[in-house]
Amino acid sequence: MVWAILRKELRVELRTLESVPAMSLFSVTTFVLFHFALARDTVDGSLASGILWVTLLFASVLAINRLFVADEEQGGFDGFLLAPVDRSALLIAKFLTLLAFLVVLEVVAVPAFGLLLLEPSLGRILPRLIGILLLADVGIAAVGTLVGALAVRTRARDLLGPLLALPLLVPVVIGAARACAPLMAVGHPGRIPVRWLETLGLYDLVFGLVAYAVFDFLLED
Amino acid sequence: MYGKGLRALSITTALIMTGAFALAFFWAPEDADQGFSQKIFYVHVPMAIVALCGFVAGAGMAVMHLWKRDSRWDMRSYVAIHLSIILGVGVLVTGSIWARVSWGHWWVWNEPTLVSFLIIFLLYCTYQPLRFSIADPERQARYASVFAIVAGAFVPLNFMAVRLAQQYTHPRVLGNISGNLPGRMEWAFLACLLGMTLLFVTLWKYEMTSKHASSQLRRLKRLLGEDGQAKGRRTAAPATREAATPV
């Protein structure tokens, strides 16, 4: 069931190209904006890490806002509720969809960041960076799915989505940005402090469980 | 039902708060470093602790609401979170004043407790807009409870993350709560904490009583055929359908 919904979501995205291109374009544009706003050609260390994470976070808010809109407007929720399936299937499928969007976004945004702004070369730090990105993506996807479902059926959904998501994602930014900062330092990349990875892991676990526990209540009518 | 014992509770709260502040100002010794300005500690810290406990209590009540399907729990959760947000404004203002006096800036980023509190406060600020933008009262209650639970789980996690982010050896009074306060200060602090908790409970009961009374009034008016004046008004407060069932 999860697989069926996931395939549907990915097919819709492939045909409409609604979220991922917008997210990627948004992130590249934001890097250009940062170049002019900071008046710097290259960045490194905690500044680089901060720029990357804030950009990725804002780009993911775009997807979070769109995640359930088609279901709400075109009766996807009704169809799903009529089907005799476990409601958590929708959560898991949407979570995986968002996760896939984020991964594709990063496939575009991270090389663009390396090309446009980052001073140390991307190649050496890439394996460790991918690990941090994936850990953070899981947290963003879990919270994003929950917030998307919460906000989509309110009148002010475009406003409430970011307002709810950004404070909830502060721990992700703290963990991911601090973990990436030593990687992006000029010269020899430093070691990643383990506690940031632990923070991200704990965040993923807690909000994964919370999302699983409360998601059913969002779908009751 | 909520009005029972309210007078006695109010008087106790007033007495204990007065007593606690008297202890804090006249009995507890002045702080060697910060002098008189440290007295704001007896307002700021209990207020912060009570506000955070109020948020978590609101989450617990939201769990009860989703579990028992009783809209009264939603009302309780709403009132607890609502009061905690108001206390939260007080926490940020007193914290800011304290920071200004002792560190010379209105806002300091290296005080993890204050920063965590700001993030939590920003999150809870969306509670009312969320409620307000859902028209159907039943769904409003359900979604608000989901929000309250998620945010309640966020409170401890956020504190942990922010505290990790600033492993600082700042001379903090807050770090000393766990036993390093000199005896008199600690007793005065505990008295203030008790007073603040009682204040929260009293205000909570007052608001519950008021909501309950006005919903009963509406019900009586409806019975008398005077319906229609409250209808159609959007509100962030939970619909008081409890009036339909005798309590």
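This is a predicted model: local features need pLDDT of at least 70, side-chain atom pairs count only at pLDDT 80 or more; totals for chains, interfaces and linings use all residues.
**View 1**
Let's start with H6(A), which covers residues 88-116. Its 29 residues take it 41 Å from first C-alpha to last, close to the 42 Å expected at 1.5 Å a residue.

**View 2. Helix H7 of chain A, a bent helix.**
How far apart are the end C-alpha atoms of H7(A), which has 31 residues? They are only 37 Å apart, short of the 45 Å that a straight helix would reach at 1.5 Å a residue. While you are here, look at A:Arg128, where H7(A) bends by about 40°. Of the 31 residues of H7(A), 22 are buried, so this helix is largely enclosed by the rest of the structure.

**View 3. Where H6 and H7 of chain A pack together.**
Two packed helices are described by the angle between their axes and the distance between the axes. For H6(A) and H7(A), the axes come within 9 Å and cross at roughly 145°. The crossing of H6(A) with H7(A) is right-handed. On the H6(A) side, the contact is made by A:Leu91, A:Lys94, A:Phe95, A:Leu98, A:Leu99, A:Leu102, A:Val103, A:Glu106, A:Pro111 and A:Gly114. H7(A) answers with residues including A:Leu122, A:Leu133, A:Asp137, A:Val138, A:Ile140 and A:Thr145. Sorted by class, this contact has 13 nonpolar, three polar and three charged residues.

**View 4. The side of chain A that touches chain B.**
Now for the meeting of the two chains: 25 residues of chain A are in contact with 24 residues of chain B. Which helices of chain A each supply at least two residues of the side that touches chain B? They are H7 (122-152), H8 (157-168), H9 (170-183) and H10 (194-214). The largest share, six residues, comes from H10(A). By class, this side of chain A has 17 nonpolar, three polar and five charged residues.

**View 5. A:Val43 in a loop of chain A.**
A:Val43 belongs to the loop between H2 and H3 (45-66) of chain A. Is A:Val43 buried or exposed? A:Val43 is buried, because 22 other C-beta atoms lie within 10 Å, where 20 or more are needed. Leaving aside neighbours within four places in sequence, A:Val43 is in contact with A:Ala48, A:Ile51, A:Leu117, A:Leu118 and A:Glu119. A:Leu67, 24 residues apart from A:Val43 in sequence, is 32 Å apart from it in space, C-alpha to C-alpha.

**View 6. Two loop residues with positive phi.**
Most residues other than glycine have a negative phi. A:Leu17, although not a glycine, has a positive phi of about 50°. You will find A:Leu17 in the loop between H1 (2-16) and H2 (20-38) of chain A. With 10 C-beta neighbours inside 10 Å, A:Leu17 counts as exposed. In chain B, B:Arg69 has a positive phi near 55° and is likewise a residue other than glycine. B:Arg69 lies in the loop between H2 and H3 (71-103) of chain B. B:Arg69 counts as exposed because it has 12 C-beta neighbours inside 10 Å.

**View 7**
For orientation, chain B has seven helices and zero strands, and 38% of its 247 residues count as buried. B:Tyr124 sits in helix H4 (residues 112-124). With 24 C-beta neighbours inside 10 Å, B:Tyr124 counts as buried. Not counting residues up to four places away in sequence, B:Tyr124 touches B:Phe55, B:Ile81, B:Ile85, B:Gly88 and B:Ala151. B:Tyr124 and B:Ile81 are 43 residues apart along the chain, yet their C-alpha atoms are separated by 8.0 Å.

**View 7. B:Ser37 in a loop of chain B.**
The last stop is B:Ser37, in the loop between H1 (6-27) and H2 (41-68) of chain B. B:Ser37 counts as partly exposed, because it has 15 C-beta neighbours inside 10 Å. Apart from residues up to four places away in sequence, B:Ser37 touches B:Val101 and B:Ser102. The C-alpha atom of B:Ser37 is separated by 9.4 Å from that of B:Ile97, 60 residues apart along the chain. Across chain B, among contacts between residues at least 6 apart in sequence, 82% join residues at least 24 apart.

Methods. Residues are numbered from 1 along each chain as its sequence is written. Chains are lettered from A and ligands numbered from 1 in the order in which they are written. Helices (H or I, at least four residues) and strands (E, at least two) are DSSP runs, numbered from the N terminus. The expected span of a helix is 1.5 Å times one less than its number of residues. Two residues are in contact if their C-beta atoms, placed from the backbone, lie within 7 Å. Ala, Val, Leu, Ile, Met, Phe, Trp, Tyr, Cys and Pro count as nonpolar, Asp, Glu, Lys and Arg as charged, and the others, Gly among them, as polar. Axes are lines fitted to C-alpha atoms, for helices over the stretch in contact, and angles run from 0 to 180 degrees between N-to-C directions. A crossing is left-handed if the near helix is turned anticlockwise from the far one by less than a right angle, and right-handed if clockwise. The bend at a residue is the angle between axes fitted to the seven residues ending there and the seven starting there.
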